[in-house]
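Here are my notes for someone opening this entry for the first time. Have a look at the structure, then work through the points below.

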There are 2 protein chains.
Amino acid sequence: MPQDPIELARANWIRYGWPESADGMALVTSIMRVQQVFLARIESVLRPHGLTFARYEVLRLLGFSRRGSMPVGKIGERLQVHPASVTNAVQRLEADGLVERSANPNDGRSVIAAITPEGRRLVDECTDLLNAEVFSIVPIPTTQQQRTFHSLKGVRKAFGDFT
Amino acid sequence: MPQDPIELARANWIRYGWPESADGMALVTSIMRVQQVFLARIESVLRPHGLTFARYEVLRLLGFSRRGSMPVGKIGERLQVHPASVTNAVQRLEADGLVERSANPNDGRSVIAAITPEGRRLVDECTDLLNAEVFSIVPIPTTQQQRTFHSLKGVRKAFGDFT
């Protein structure tokens with residue numbers, strides 16, 4: 001495209017009489033597009049290692065935890081994903097020998113997921129790759145990255161993501 | 001969550017020795033989260049009207065076009081989506097009586113999609129709803145919305161979205 005298609009949409013929003021919604025439309029549409037491209041890049045880094053971003057995030061969180069293990073419900077809270085999605089990710093990771101599941105001794109209804117040595121090796125390797133190929137080369141200056149993060153943090157706070 | 005889970009991840013990134021990737025990780029993860037919540041809100045506004053966001057975007061673009069019609073390939077370029085996805089969206093919209101397809105008289109291999117009066121009525125109604133319930137109430141100040149849009153525009157430009 002020679003012209004930015006989202007700027008074209010923004011101009012149409014104003015032309016058709018919705019100026020008070022034009023900035024919000026342009027921002028939301030940009031977020032959709034940038035998310036799509038980043039997710040595609042992340043998944044293309046992880047795919048050869050048999051991981052999706054959802055499964056990588058579970059492994060990364062377990063790798064950071066003090067004991068290398070957490071209740072599955074708490075993983076869902078921290079990653080802000082639906083319990084069914086975490087359960088599915090943990091089952092897939094277990095099938096691949098990257099986590100082990102056990103009953104929570106303090107709560108029979110809850111399941112604990114623990115990262116295995118193989119899971120730890122894989123998540124550290126994939127973190128190095130994601131850092132090198134995605135996170136350290138976000139193509140805008142660091143100060144803009146930080147400002148954008150803080151603006152989006154305001155959105156997340158308003159959504160009730162944290163208090 | 002009492003604490004922001006993405007700030008917690010960011011702190012871990014620094015603690016584990018990846019400070020040069022911490023800002024990028026925090027920004028990319030925020031974009032994933034904010035995209036997810038906005039998309040859920042948009043889809044919940046559109047669902048009662050039988051539309052997805054992908055199909056809404058096709059209808060909106062046709063509604064803006066001078067003749068109310070465009071080649072399907074051009075719709076894909078403007079919306080930056082895969083040709084197969086546009087074809088699928090257009091087929092669903094045609095099945096619902098919201099667009100009509102015809103062969104392009106200037107190019108036998110190309111298909112033209114035209115919005116119907118019913119499609120126009122629906123897309124205008126849904127635009128009013130999305131403006132009221134999503135785009136005009138993005139919960140950060142307008143100046144921050146504009147700055148964030150411009151930073152993300154830098155990312156999109158670097159990705160090659162426009163020249």
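How many bridges join β2(A) to β3(A)? Keep that in mind for point 2.

1. A caution before anything else: this is a predicted model. Please read the points below with that in view.

2. Start with chain A and its sheet. Six bridges link β2(A) and β3(A), and the two run antiparallel. They make a hairpin, with two residues between the strands. If you want a spot to look at, take A:N104, whose bridge partner in β3(A) is A:D107.

3. Now widen the view to the whole sheet of chain A. There are three strands in an open sheet, ordered β1-β3-β2, with antiparallel pairing. At the edges you'll find β1 (69–71) and β2 (99–104) of chain A, each of which pairs on one side only. On average, neighbouring strands here are turned by 25 degrees against each other, ignoring direction. β1(A) is held to β3 (residues 107–115) of chain A by three bridges, again antiparallel. In that pairing, A:S69 sits opposite A:A114 in β3(A). A helix packs on this sheet too: α5 (residues 83–95) of chain A touches β2 and β3 of chain A, and its direction makes about 125 degrees with that of β2(A).

4. Chain B has its own sheet. Its three strands form an open sheet in the order β1-β3-β2, and the pairing is antiparallel. Both β1 (69–71) and β2 (99–104) of chain B stand at the edges with a single partner strand each, so one side of each has no neighbour in the sheet. Across from B:A103 you'll see B:V111 in β3(B).

5. Which helices lie across the strands of chain B? One is α4(B), which lies across β1 and β3 of chain B and runs at about 90 degrees to β1(B). Another is α5 (residues 83–95) of chain B, which lies across β2 and β3 of chain B at about 125 degrees to β2(B).

6. Next, how the chains meet. In chain B, 53 residues are in contact with 53 residues of chain A. On the chain B side, α1 (5–15), α2 (19–46), α4 (72–79) and α7 (142–158) each supply at least two residues. The biggest share comes from α2(B), which gives 17 residues. By class, the residues on this side of chain B are 26 nonpolar, 17 polar and 10 charged.

7. One helix pair between the chains deserves a close look. Helix α7 (residues 142–158) of chain A packs with α2(B) at an angle of about 35 degrees, and their axes are 9 Å apart. The crossing of α7(A) past α2(B) is left-handed. On the α7(A) side the residues include A:F149, A:L152 and A:R156, while those from α2(B) include B:L27, B:I31 and B:R33. Sorted by class, this contact has seven nonpolar, six polar and four charged residues.

8. The largest nonpolar core has 78 residues, and A:V58, A:L59, B:V58 and B:L59 are the members that touch the most others. Setting aside residues up to four places away in sequence, A:L59 touches A:L93, A:L98, A:I115, A:G119, A:L122 and A:V123.

9. Finally, check the backbone at A:Q80. This residue lies in the loop between α4 (72–79) and α5 of chain A, and its phi is positive, about 55 degrees, although it is not a glycine. Apart from neighbours within four places in sequence, A:Q80 is in contact with A:D161, B:P5 and B:R33.

10. B:Q80 is partly exposed, with 19 other C-beta atoms within 10 Å.

Technical notes: Residues numbered from 1 in each chain as written. Chains lettered and ligands numbered in written order. Predicted model: local features only at pLDDT ≥ 70, side-chain atom pairs only at ≥ 80, totals over all residues. Contact = placed C-beta atoms within 7 Å. Helix = DSSP H or I, 4+ residues; strand = E, 2+ residues; numbered from the N terminus. Nonpolar A, V, L, I, M, F, W, Y, C, P; charged D, E, K, R; others polar. Pairing = 2+ DSSP bridges. Axes fitted to C-alpha atoms, helices over the stretch in contact; angles between N-to-C directions. Left-handed = near helix turned anticlockwise from the far one by under 90°. Core = buried A, V, L, I, M, F, W, Y, C linked by C-beta atoms within 7 Å. Buried ≥ 20, exposed ≤ 12 C-beta atoms within 10 Å, placed from the backbone.
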